[in-house]
Structure formats: structure tokens, C-alpha cells
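Colleague: Could you take me through this one while I have it open? I'd like to go over the surface, then the inside, then the rings.

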Amino acid sequence: MGASDPEVAPWARGGAAGMAGAGAGAGARGGAAAGVEARARDPPPAHRAHPRHPRPAAQPSARRMDSASGGLGSGDNAPTTEALFVALGAGVTALSHPLLYVKLLIQVGHEPMPPTLGTNVLGRKVLYLPSFFTYAKYIVQVDGKIGLFRGLSPRLMSNALSTVTRGSMKKVFPPDEIEQVSNKDDMKTSLKKVVKETSYEMMMQCVSRMLAHPLHVISMRCMVQFVGREAKYSGVLSSIGKIFKEEGLLGFFVGLIPHLLGDVVFLWGCNLLAHFINAYLVDDSVSDTPGGLGNDQNPGSQFSQALAIRSYTKFVMGIAVSMLTYPFLLVGDLMAVNNCGLQAGLPPYSPVFKSWIHCWKYLSMQGQLFRGSSLLFRRVSSGSCFALE
């Protein structure tokens with residue numbers, strides 16, 4: 001997941017509020033589980049279809065279930081739940097901040113310590129750059145332990161704003177009630193459901209990203225001041241004044257486009273891949289009963305293994321897709337600090353980029369589109385640090 005937040009976990013995009021696109025996956029798992037419970041309560045009819053292909057029962061929507069049971073989505077508990085999400089998000093952000101801080105310094109090409117000689121899995125001698133722990137120890141030596149949390153305040157504000165924005169949008173534009181579908185015969189309907197839910201999630205993610213991006217830019221610039229030991233950006237209010245005076249309104253949105261593109265590609269890639277895998281590769285007839293089929297006493301048993309597999313599909317797909325979309329995160333973070341008056345955004349660390357596309361092409365030519373994606377085993381390459389062409 002990069003120095004920006006969802007960054008907290010790339011499959012957790014959308015900030016500390018949770019995984020981007022999780023609404024579609026959670027709805028699918030919740031609908032399947034509710035179907036199992038409904039079949040367990042009601043005895044099967046005498047003319048039931050073949051046990052390997054039972055007919056799925058219509059499921060109540062998550063919004064309707066929450067309203068009836070007084071769960072997390074109920075009106076009385078909504079403000080408390082939103083405050084809880086903000087508090088949990090702040091805790092996760094604070095704990096993960098040193099990790100993202102080190103990642104950002106590596107992304108901009110700051111390597112203050114020499115590489116060390118080691119061996120790879122084949123026994124060959126190679127040079128390794130400092131790992132996250134060595135890098136973090138160096139920061140503590142320079143700035144003390146508190147130095148690991150440079151730029152944390154605007155990140156906390158950014159994540160809180162993102163969480164509140166998403167919660168408010170769900171109230172103003174509630175998702176439509178969609179019946180869950182799990183039968184392969186209803187594949188067309190199921191795909192329409194996934195597309196509709198992903199479009200809804202994309203809208204919320206893009207709006208929350210745009211509103212929180214100015215604070216993200218301030219956080220990035222506060223952190224990269226470590227490179228040149230500057231103190232240009234300190235408080236949030238003073239940073240807002242400096243950016244507006246020097247760069248105008250557009251200065252708050254530098255690097256926004258690659259971040260938005262990365263979010264969109266991540267959401268659609270993760271949700272569609274998880275849907276097709278669950279639909280075509282996970283067999284509903286798989287059972288954990290001795291005979292391989294469910295029975296009238298335990299009709300839901302034949303779905304237990306399928307549900308367990310589906311519950312992990314979204315998680316695994318999130319990790320895989322986040323690796324593919326990492327270059328968008330890298331380019332967005334570099335553009336946020338490029339040519340802003342700080343040493344980390346100027347030569348020799350970085351050329352002055354004309355646009356994010358120019359930045360992408362430059363990194364591609366240097367073979368550095370995935371720089372900073374690994375924090376443990378970092379081999380020295382020819383383009384480890386920025387160099388002027």
C-alpha cells in the first residue's frame with residue numbers, strides 16, 4: 001500500500017475507514033450467509049430441485065436488515081458508529097505512520113545510508129539497501145522517536161475527513177436495495193449487481209479522495225522535509241497559506257489524477273476479478289459432509305466450504321491488484337512534492353516534472369515504477385536514486 005492512506009493497506013484503499021470496494025464483497029458474503037440461515041429455518045419443499053443445485057432464496061438487503069435489527073446501520077447508532085470508525089481509523093493511521101513515512105522517503109530517492117553486502121537465495125553476493133527497521137532507527141537517531149511521526153496530524157485529519165465524507169454520502173445517496181444472487185444460472189443478474197455496487201463505491205471513493213487530497217499534499221510535504229532539514233511546512237493552517245500563496249488553488253490538488261486513476265483501477269479490478277473467480281471457479285456443490293452433499297437436516301452444509309473460499313477471494317484479489325496499481329500511488333506522491341521548494345522535489349533527487357505523465361515516463365525509463373514497494377529486501381539497482389539525465 002505507499003505513503004498515502006489507503007494506502008494503509010492497498011486493499012484497504014479509501015483511508016482508514018476500511019477496504020475500498022469492500023461494500024460489494026461484504027454484501028455478497030452477507031447475502032450468502034443469510035441464505036444459509038433462511039434455508040436452515042424453513043424445511044425444504046417436497047418438489048425441491050436436485051440437491052446439488054438448490055434454488056437461492058431472495059435475501060433482504062443489508063440496509064433493511066440493519067434497520068430491523070438495530071445493527072450498525074440503524075439510525076440511532078449511526079453517529080456512534082461513525083465516531084467509532086473515525087477513532088479506529090486514527091489508531092490504525094498512527095500505528096502505521098512510521099511505515100508510510102519510511103516508504104515515502106524511499107519513494108523520493110533518499111538513501112542516507114550506504115548499502116551492505118549480502119547473499120541472495122542462490123548464494124550470490126549482492127548489495128542490499130537498508131530495510132525499514134534500519135531506516136527507522138536512523139530517523140530516530142536524527143530526530144528522536146517523535147521524528148517517526150512527522151506529518152501525522154494532517155494525515156489524521158485527511159483520514160477523518162474521508163471517513164466522514166463517505167458516511168455522509170451514504171446517508172444522502174443510500175445504495176439501492178439489491179437481492180443477493182449466488183446461482184450460476186443468474187450470472188447476468190449477478191454481474192449487473194457487481195457493476196452497480198462498484199460504480200456506487202467508486203463515486204464515494206472519488207469524492208472523498210478529492211476532498212481529503214489537500215491535507216494529503218500537506219502531509220507529504222511535511223514528511224519529505226526530513227531530506228533537506230527544512231521547516232517550510234509546519235502547521236496545517238500555515239501550510240495552507242503557503243501553498244495558496246505560492247501555487248494557487250491548484251497547488252492543493254497536485255498528484256490527484258494518478259491517485260484517482262489508481263483508486264478506480266483498483267476498485268474495478270478487485271471487484272470484477274473476485275466476482276468471476278467466485279462465479280466460475282468456486283463450486284457450490286462442494287460439501288464438507290461425508291457423502292459430498294447437503295441433507296434435509298443440514299441443508300446449508302454444502303455451502304460451507306464455498307462460503308469460506310469466497311470470504312477470502314476479495315482479500316487476495318485486493319493484494320494482487322494493489323501491487324499492479326502501485327505505480328499510480330508512487331507517481332501521485334512524487335507529484336505532490338515535486339518542485340514545491342523542498343530539496344526532495346528538486347534535482348538531484350528529482351527532475352522538475354511537467355505533468356504526472358512525464359513523471360510516469362521518467363520512472364519507467366529508469367525502471368523505478370515500483371520503487372518503495374518493498375521495505376525489507378531492497379537490492380541495489382542502477383536506478384535506485386534519481387539522477388539527472
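Colleague: Which residues make the nonpolar surface patch of about 500 Å²?

Modeller: Bear in mind that this is a predicted model. The patch is made by Tyr312, Phe315, Val316, Ile319 and Met323, and together they give a nonpolar surface of about 500 Å².

Colleague: And where does Tyr312 sit, in which helix?

Modeller: Tyr312 lies in helix 9, which covers residues 304-324.

Colleague: Why does Tyr312 count as exposed?

Modeller: Its relative accessibility is 56%, and Tyr312 counts as exposed because the cut-off for that class is over 50%.

Colleague: OK, switching to the inside. How many residues has the largest nonpolar core, and which have the most contacts inside it?

Modeller: The largest nonpolar core has 43 residues, and Val108 and Ile139 are those with the most contacts inside it. At least two residues of this core come from each of helix 3 (78-107), helix 4 (132-143), helix 6 (187-228), helix 7 (236-247), helix 10 (326-337) and helix 11 (356-366).

Colleague: Which helix gives the most to this core?

Modeller: That is helix 6, with nine residues. As general background, nonpolar side chains in soluble globular proteins tend to be buried together.

Colleague: What does Ile139 touch, leaving out residues up to four places away in sequence?

Modeller: With those left out, Ile139 touches Tyr101, Val102, Leu105, Gly144, Gly147, Leu148 and Phe226.

Colleague: Now the rings. How many aromatic pairs does the count come to?

Modeller: The count comes to seven aromatic pairs. One of them joins Phe132 and Phe133 edge-to-face, with 5.2 Å centre to centre and 70° between the planes.

Colleague: Are Phe132 and Phe133 buried or exposed?

Modeller: Phe132 is buried, at a relative accessible area of 15%, whereas Phe133 is exposed, at 58%. Another edge-to-face pair is formed by Trp356 and Trp360, with 6.4 Å centre to centre and 80° between the planes.

Colleague: How are Trp356 and Trp360 placed in helix 11?

Modeller: They are four residues apart in helix 11, so about one helical turn separates Trp356 from Trp360. Trp356 is partly exposed, with a relative accessible area of 22%, and Trp360 is partly exposed too, with 24%.

Colleague: Last one: which residues do ring pairs link into a cluster?

Modeller: Ring pairs link Tyr101, Tyr138 and Phe226 into a cluster, and Tyr101 and Phe226 are also among the residues that Ile139 touches.

Conventions: Residues numbered from 1 in each chain as written. Heavy atoms only, no water. Patch = residues over 30% accessible without salt bridge, like charges linked within 9 Å, V, L, I, M, F, W, Y side chains within 5 Å. Areas by Shrake-Rupley, 256 points an atom, 1.4 Å probe, with all protein chains shown as cover. Salt bridge = Lys/Arg side-chain N within 4 Å of Asp/Glu carboxyl O. Buried < 20%, exposed > 50% of the residue type's maximum accessible area, 1.4 Å probe, protein only. Core = buried A, V, L, I, M, F, W, Y, C linked by side-chain atoms within 4.5 Å. Contact = heavy atoms within 4.5 Å. Phe/Tyr/Trp six-rings, centres within 6.5 Å; stacked < 30°, edge-to-face > 60°.
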